[in-house]
Amino acid sequence: RFIAKPCAINLGIQDSGPHRAQPNAILEKVFTSITKSPDGKRLEGLSKQLDWDVRKIQRWFRHRRNQDKPTTLTKFCESMWRFTFYLSIFFYGIRFLWTAPWFWDTRQCWYNYPFQPLTSRLYYYYILELAFYWSLMFSQFTDIKRKDFLIMFVHHLATIGLITFSYMNNMVRVGTLVLCLHDASDFLLEAAKLANYAKYQRLCDAFFMLFGVVFIVTRLGIYPFWILNTTLFESWELIGPYPSWWLFNGLLVTLQVLHVIWSYLIIRTASKALVRGKVSKDDRSDVESSSEEEDVTSNSTKGILSTSSNGSNRLNGHVAGSQWTGE
């Protein structure tokens, strides 16, 4: 409110929403009381009742569904908050882990386990991360619903479960490695969204491409060959198959499956960008646009995270029109 909003206003971001639907009491009653997406039979009935073309009614419902979406200003403020958190917690983690012996030798995660001291810095690192992911869990139900809602829900559950479980079992050393690794790419995506909202398209595309590279390297390279290697094999070798070994590694493998799915989406988006010379719509977008609107905007420039008047965009996100909407 006091930092992100003034920054957005200085960048020329307006607090304006998407195109609003034409006021109509009959259609509004159907929308609020019966259905937000009427089928063909109901559309025909409404067409006869209102003497409107079916396509016009479809467009009205589309605009009505979209008009409650957050504005570009709201999305900018949200992304700036997340960017600030991800960047701060990542550098905090790197600074803390740089002097930790298990950062350089993962076998140190299991020496003398479970009798390993819990330092104050390690404690606060865990509590901050846990609080943040709980906030994401709750806000997911109030944010715009995305196509990857279930995947994100599973991700948040697995993350919260891992943080809590590893803390209760004093597996905090390997836990810090997992947390730091996941924070390495998140702030780059938020930076791309901020650039997109401010209409710095080249900067946005550069940040997104950098995000994609870091994401794939960390989640498909370092994570399985560094983290999973120590939790699956080194821990088995040094302390044996303890009872919680199966649950702990099951959650970690679940995260790896999600990493593969997201990496596929990133690669597909990036490949389309290379063909077109700019990044296109996020395939997980849920905000709709009519064919007429697509015709009007077909000649306009759209980048990887290009936004419309409702301004949302994010890889974990939604789209307004043929553009991204927002994480």
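Student: Where does Thr-176 lie in this structure?
Tutor: Thr-176 lies in helix α9. Keep in mind that this is a predicted model.

Student: Why is Thr-176 called buried?
Tutor: Buried means under 20% relative accessible area. Thr-176 has 0% relative accessibility, so it counts as buried.

Student: What does Thr-176 touch, leaving out residues up to four places away in sequence?
Tutor: Its contacts are Phe-96, Leu-97, Trp-102, Leu-122, Tyr-125 and Tyr-126. The side chain of Thr-176 also reaches the backbone oxygen of Arg-173, at 2.6 Å.

Student: Let's turn to Ser-166. How do you know whether Ser-166 is buried or exposed?
Tutor: Ser-166, in helix α8 (residues 149-168), has 2% relative accessibility. The limit for buried is under 20%, so Ser-166 counts as buried.

Student: Which residues is Ser-166 in contact with, beyond its neighbours within four places in sequence?
Tutor: They are Tyr-126, Met-171, Val-172 and Phe-248.

Student: Which residues make the nonpolar surface patch of about 600 Å²?
Tutor: The patch is made by Leu-118, Tyr-123, Tyr-124, Ile-127, Tyr-167 and Met-168. The elements giving two or more residues to this patch are α7 (120-139) and α8. Helix α7 gives the most, with three residues.

Student: How many aromatic pairs does a search of the whole structure find?
Tutor: The search finds 28.

Student: Why is the pair of Phe-132 and Tyr-133 called edge-to-face?
Tutor: Two values describe a pair of aromatic rings: the distance of the centres and the angle of the planes. The centres must lie within 6.5 Å, and planes over 60 degrees apart count as edge-to-face. For Phe-132 and Tyr-133 the centres are 5.9 Å apart and the planes are at 80°, so the pair is edge-to-face.

Student: What about the pair of Trp-236 and Trp-245: what are its distance and angle?
Tutor: That pair is edge-to-face too, at 5.0 Å centre to centre and 75° between the planes.

Student: Which residues form one aromatic cluster with Phe-132 and Tyr-133?
Tutor: Trp-81, Phe-85 and Tyr-86 are in that cluster with them.

Student: How many salt bridges are there?
Tutor: The count comes to three.

Student: What makes Glu-237 and Arg-107 a salt bridge?
Tutor: The nitrogen and the carboxyl oxygen must be within 4 Å. The closest N and O atoms of Glu-237 and Arg-107 are 3.2 Å apart, which meets that limit. This pair links distant parts of the chain, 130 residues apart: Glu-237 is in helix α10 (residues 201-239), and Arg-107 is in the loop between α6 (101-104) and α7.

Student: Why is Glu-237 called exposed but Arg-107 partly exposed?
Tutor: Glu-237 has 54% relative accessibility, so Glu-237 counts as exposed, the limit being over 50%. Arg-107 has 24%, so Arg-107 is partly exposed.

Student: Why are Lys-193 and Glu-190 separated by about one helical turn?
Tutor: Because they are three residues apart in helix α9. Lys-193 and Glu-190 form a salt bridge with the closest N and O atoms 2.8 Å apart. Lys-193 counts as buried at 0% relative accessibility, and Glu-190 counts as buried at 1%.

Note on methods:
Residues are numbered from 1 along each chain as its sequence is written. This is a predicted model: local features need pLDDT of at least 70, side-chain atom pairs count only at pLDDT 80 or more; totals for chains, interfaces and linings use all residues. Side-chain values use heavy atoms; hydrogens and water are left out. Helices (H or I, at least four residues) and strands (E, at least two) are DSSP runs, numbered from the N terminus. Buried means under 20% relative accessible area, exposed over 50%, partly exposed in between (1.4 Å probe, protein chains only). Contact means heavy atoms within 4.5 Å. Patches are made of residues with over 30% relative accessible area and no salt bridge: like charges are joined within 9 Å, nonpolar side chains (Val, Leu, Ile, Met, Phe, Trp, Tyr) within 5 Å. Accessible areas come from the Shrake-Rupley method with a 1.4 Å probe; for residues, only the protein chains shown count as cover. A salt bridge is a side-chain nitrogen of Lys or Arg within 4 Å of a carboxyl oxygen of Asp or Glu. Rings of Phe, Tyr and Trp (its six-membered ring) pair if their centres lie within 6.5 Å; planes under 30 degrees apart count as stacked, over 60 as edge-to-face and the rest as tilted. A polar contact is a pair of N or O atoms within 3.5 Å; within protein, one must be able to donate a hydrogen and the other to accept it, and residues adjacent in sequence count only if both atoms are side-chain atoms.
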